[in-house]
Amino acid sequence: LRAAAPDLCIGGACYPEVHPESRSQAEDIRRLKEKVDAGCDFLTTQMFFDNNLLYSFLYKIREAGITVPVEAGIMPVRGAKSVRRMAERNASRIPDRLNTLLNKWGDDIQSLRAAGILYASEQIADLVAHDVDGVHLYSMNHPATTRRIWRNAEPLFRGTQG
């Protein structure tokens, strides 16, 4: 690709909680390094709900020599069943704090969406405070939710490089 389109920016995916088909995080990181060494310019993580998992992952990939920017993939909570299904499919852990929200408002979609917007906004605030390279919101064709999260988070990006 580089030979045919030298100005092309190539992005790749990564899993802070280990790819579901990978035997171990060490194997996953080795394969990720191969991807980056093949010409990947940046990475976007699969969704995650616990920032500490991302911070640990970033430490490990930097130790492995992966230095490209990594955008944190945030999935806003819009429905309890869909979040649980996506988390299971992607082997993503649902932290106790989020599980409490899902249990409390799982049947009250308006309240759960409001809580989900706050959860994602707080998650992004913490990521920005920790100087992540960028944030990718998985909008899942729900631009109104994305706009509300962006309105909450946008002031945090003023004066940052993110």
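The model is predicted: local features need pLDDT of at least 70, side-chain atom pairs count only at pLDDT 80 or more, and totals for chains, interfaces and linings use all residues. Residues are numbered from 1 along each chain as its sequence is written, and side-chain values use heavy atoms, with hydrogens and water left out.

**Exercise 1.** Determine the strand order of the open sheet and state which strands stand at its edges.

Solution. Strands (E, at least two residues) and helices (H or I, at least four) are DSSP runs, numbered from the N terminus. Two strands pair if DSSP finds at least two bridges between them.
- Step 1: the 4 strands follow the order β1-β2-β3-β4, with parallel pairing.
- Step 2: β1 (11–14) and β4 (134–137) each have a single partner strand, so one side of each lacks a neighbour in the sheet.
- Step 3: from one strand to the next, the twist averages 30°.

**Exercise 2.** Describe how β2 is joined to β3.

Solution. 
- Step 1: the parallel strands β2 (residues 42–45) and β3 (residues 70–74) are joined by 2 bridges.
- Step 2: Leu-43 has Val-70 as its bridge partner in β3.

**Exercise 3.** Give the angles of α2 and α5 to β3.

Solution. Axes are lines fitted to C-alpha atoms, for helices over the stretch in contact (heavy atoms within 4.5 Å), and angles run from 0 to 180 degrees between N-to-C directions.
- Step 1: α2 (residues 51–63), lying across β1, β2 and β3, runs at about 155° to β3.
- Step 2: α5 (residues 109–129), lying across β3 and β4, runs at about 165° to β3.

**Exercise 4.** Classify Arg-158 as buried or exposed.

Solution. 
- Step 1: buried means under 20% relative accessible area, exposed over 50%, and partly exposed in between (1.4 Å probe, protein chains only).
- Step 2: Arg-158 counts as exposed because its relative accessibility is 57%.
- Step 3: Arg-158 is placed in the segment after α6 (143–157).
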